[in-house]
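Morning, everyone. I have one structure to go through today, and I will keep it short. Please look at the screen.

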Amino acid sequence: SFSAGSPWWPAEFGTPSQVSGQNDLACACFPAKRCVAVLRHSTVTLYDTGEHTITGVSVQNAQITLHTAAGLALAAETLPEKRIS
């Protein structure tokens, strides 16, 4: 299950600005990388936040919602997946 103290995101991303989680679902935000990392059932998926500035994250009912500076609420899975080299 999720533990705020154990990093599960790519080490090269450093420290996230926000981390939120519940049960087997967690999200970590990396504004400098324009990315959110989502941990779902031991699998990490990276999503590209593009021009969105993420100001908050909520995890409820197996859904991650990203809140933006523009007042939008986005489901993390609706963002394009981000590839890292």
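How much accessible surface does the protein have, and what percentage of it belongs to carbon and sulfur atoms? The accessible surface is about 5,000 Å², and carbon and sulfur atoms account for 48% of it. Bear in mind that this is a predicted model.

Now the secondary structure. The protein has 7 strands and 0 helices. Read along the sequence, that gives the pattern β-β-β-β-β-β-β. The radius of gyration is 12 Å, close to the 12 Å that the globule rule gives for 85 residues, so the protein is as compact as a globular protein of that length. The C-alpha trace spans about 30 × 30 × 20 Å along its principal axes.

Next, the sheet. There is an open sheet of 4 strands, in the order β1-β2-β3-β4, and the pairing is antiparallel. At the edges are β1, residues 18–22, and β4, residues 43–48, each of which pairs on one side only. From one strand to the next, the twist averages 15°.

Inside that order, take β2 and β3. Strand β2 covers residues 25–30 and strand β3 covers residues 35–40, and the two pair in the antiparallel sense over 6 bridges. Which residue in β3 stands opposite cysteine 27? That is valine 38.

Last, burial and contacts. Of the 85 residues, 38% count as buried. As for contacts between residues at least 6 apart in sequence, 34% of them join residues at least 24 apart.

That is what I have. I can go back to the sheet if anyone wants to look again.

Key:
Residues are numbered from 1 along each chain as its sequence is written. This is a predicted model: local features need pLDDT of at least 70, side-chain atom pairs count only at pLDDT 80 or more; totals for chains, interfaces and linings use all residues. Side-chain values use heavy atoms; hydrogens and water are left out. Two strands pair if DSSP finds at least two bridges between them. Axes are lines fitted to C-alpha atoms, for helices over the stretch in contact, and angles run from 0 to 180 degrees between N-to-C directions. The radius of gyration is taken over C-alpha atoms; the globule rule is 2.2 Å times the number of residues to the power 0.38. Buried means under 20% relative accessible area, exposed over 50%, partly exposed in between (1.4 Å probe, protein chains only). Contact means heavy atoms within 4.5 Å. Accessible areas come from the Shrake-Rupley method with a 1.4 Å probe; for residues, only the protein chains shown count as cover.
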